[in-house]
Amino acid sequence: MRAAFRRVEAIARKELIHIRRDPRMLITVLVMPVAQLLLFAYAISFDVSDVPTVLLDADMTAASREYLASYEQSDFFDVVGRVDSPAEIDDVFDRSEARIAVWVAPGFARALERGEDGKVSVLIDGSEPNSAQLGQTYALALNQQLDREIAVEWVRAKGQDPEAMGGIGANVRTWYNPERRSADFLVPGLMVVIIMIVTIQQTAVTLVKERDQGTFEQVVVSPIRRSELMVGKVLPWMAIAFVDIIAITLIAITLFGIPLRGDVFTLGVGALFFVLGCLSIGLMISARASSAEVANLTGLMVGFLPGFMLSGFAFPLNSIPRFLQVISYLFPGRYMVTITRSVFLKGASIDVLWPQVAALALYATVGLALATVLYARRAR
Amino acid sequence: MPHPEENAASVATTPATQPEQHRPPAVEAAGLTHVFGSDVYAVDDVGLLVEQGEVFGLVGPDGAGKSTLIRMLATVLAPTSGDAYVMGHSVRGEARRIKPLIGYMSQQFSLYPDLTVRENLQFFADLRGVRRSEVDARIARLLEFSDLTGFSDRQAQYLSGGMKQKLALSVTLLHEPQILFLDEPTTGVDPVSRREFWRIIATLHRQGITVFVATPYMDEAERCTTVAFMDSGAILFADSPAGLKRRVPDTLFEIESSDERAAQRAAGALPGVTNAALFGDLVRVLVSEDGPQEHELRRAVSSAGVHVRDVHAGRIDMEATFAYLAERARAEAVSAKPDPDEEPDPAVETGGDT
């Protein structure tokens, strides 16, 4: 038994030397995750801002100027210019110079004066359906808000009671609005995806590399067992994954202001089994891949796609096709996303999250056993 | 779980201390076969007997199956059929008992390029279960032995070819094995380092270690106690170098001429010439008993328009021996079962032929 521990320790220590001596690997496993977090957190944010916008003022009154000026003050709209005719809107859309055009129709001021709704058209370039839809919702919400403000000011200027006007209640959904909310939703899930990518991809390469280098044969003629080799390979990556998790958690709390409402213990136990599960996927790939390139690509695919699509990180799992929902159970991401979100945001702990933790524990056990078997068979 | 070497106090003398009569053969194989895919017989029904203490040389062209055979004996690759016993243990069922007794050096450099010399040794010492209290002393001794002491903190990837091979050999010696399996250990190594490597093998041989070595070099075959020639997955013949040479009834002539290629063609076309091969600027001609004599060779080559400077009898060495024996084995194989597309030429391996 002591000899077995020593062999596991020797493998683990050797792996750490590899990582330490390879600057690219160090960057990949320690810098990249943080960079990915920052990149994704900002890039995939559901908050839309700085949408290039042109303005068309066909009314040319103090009221219309005031109305359009408030677009320029908004973070959402980035006013890139003014146009003089509807035809020009087409041009700027064609040239992709703007994606939204705000067109104040003639008679805007008079309508407001009469207490009616001012006619404003918000044109949206629909060629990018996703952002167009977001843009539309946002613009509507914002328009309503602005409308009300204008109405309110108008009414005030007339010396009437704003409440008596009934007003147009701005009903902006929080989902799309404050930047903070979106990060709250994203970052805990993102953490799962990032860890999944890093761990799966790196371990996917490790066994193949031994085979390519020919070092595998030298290891095989020693008395080491496959299971010992597996454990020795997994340990350093566990450590690195936890460094990443801690770093991401700290960044999430300090930089993104994500609350950590639940207990760290649940998060830790969940993460332990989750990382083991991911590592076992990597080892399975490594056991079967024919070359380091194949392993690397497969690792990336298996880490990335299910991480993004099937973890519930970006899309609610009940909105994806039924058979994909079934497949999502085969990847550890979905369990962990539930755990991180619940722990971070809802303050949940193991008493509610035990099914997810148990699923991950089972996953890790079966995964590692399967990887060992696959590896043994391949080597023979 | 303790390994035998953990209890061995002496250094690399274990085999010699065993009683002579109960020693199992170092290697004993019967019907050993490995098939890649469904029909590539890399090793085909090989039988082998290697006694302990031998330096057993396995020679043959690339693709003959040498590596596959060694890998099966080193328990890295499972046989498709047949079995082999290494120090009395089956490679099929008792691999774990064999591993502590053997050292294996694969053809490809098999150490970690980014680990230093010492880290590589330390790693494999841990893996092999070398007693902790002995590790440092043993590493120091092996570094000394292989002349690598000054390079112990250098990463393996920055060593020269010869030093890499010595390091790889040192790694295989860490746990004081009784048999070493070396797969073309000196391929791609400069001649000086090759000689040094064989000096180390000779030392190990004196210590009683069995060495099983595959090599493409005929001069290295000469240093073995037994040489086996392998071709197309089968061992064609095996004997001591002297025994093999005695099997050659032919006479060897060496022709010095103005155009060695033309001379080779002319001599090779003569009836009774078994083999005509280039050897530097010489043509070495193996002539059977009823073949041409010295003056007949001279005349034949001259009449091909080549100026002959000298024809003299040469010493039959391993190179010539293999040329002859391979030729004969091939002739026998052709008469037994015609096989037109397999024409491995052992002379190519010696670096002497066209």
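A crossing of two helices is called left-handed if the near helix is turned anticlockwise from the far one by less than a right angle, and right-handed if clockwise. This structure is a predicted model, in which local features need pLDDT of at least 70 and side-chain atom pairs count only at pLDDT 80 or more, while totals for chains, interfaces and linings use all residues. Residues are numbered from 1 along each chain as its sequence is written, and chains are lettered from A and ligands numbered from 1 in the order in which they are written.

Chain B holds 14 helices and 14 strands, where helices (H or I, at least four residues) and strands (E, at least two) are DSSP runs numbered from the N terminus. Of its 354 residues, 47% are buried; a residue is buried if 20 or more other C-beta atoms, placed from the backbone, lie within 10 Å of its own, exposed if 12 or fewer, and partly exposed in between. Two residues are in contact if their C-beta atoms, placed from the backbone, lie within 7 Å, and among the contacts in chain B between residues at least 6 apart in sequence, 70% join residues at least 24 apart.

One sheet of chain B is open and has six strands in the order β6-β7-β8-β3-β9-β10, with mixed pairing; two strands pair if DSSP finds at least two bridges between them. Strands β6 (102-105) and β10 (234-239) of chain B stand at the edges with a single partner strand each, so one side of each has no neighbour in the sheet. From one strand to the next the twist averages 15°, with angles running from 0 to 180 degrees between N-to-C directions and axes being lines fitted to C-alpha atoms, for helices over the stretch in contact. Between β6(B) and β7(B) (residues 179-183) the pairing is parallel over four bridges, and Gly103(B) has Leu180(B) in β7(B) as its bridge partner. Helix α3(B) packs on this sheet, touching β3 (55-59), β7, β8 (210-215) and β9 (226-231) of chain B, and its direction makes about 155° with that of β8(B). Helix α7(B) (residues 161-173) also packs on the sheet, where it touches β6 and β7 of chain B and makes about 160° with the direction of β6(B).

Helix α3(B) (residues 66-73) is largely enclosed by the rest of the structure, because eight of its eight residues are buried; among them are Lys66(B) and Arg71(B). Just after α3(B), Thr75(B) takes a positive phi of about 65°.

A second open sheet has four strands in the order β12-β13-β11-β14 (chain B), and its pairing is antiparallel. Its edge strands, β12 (273-279) and β14 (308-314) of chain B, each pair on one side only. Six antiparallel bridges join β12(B) to β13(B) (residues 282-287), and Leu278(B) has Val283(B) in β13(B) as its bridge partner. Helix α11(B) (residues 260-268) packs on the sheet against β11 (251-257), β12 and β13 of chain B, at about 170° to the direction of β12(B). Helix α12(B) (residues 294-303) lies across β11, β13 and β14 of chain B, running at about 145° to β14(B).

Finally, the axes of helices α5(B) (residues 117-128) and α6(B) (residues 132-145) come within 11 Å and cross at roughly 130°. That angle makes α5(B) oblique to α6(B), since angles under 35 degrees count as roughly parallel, over 145 as roughly antiparallel, 65 to 115 as roughly perpendicular and the rest as oblique. The crossing of α5(B) and α6(B) is right-handed.
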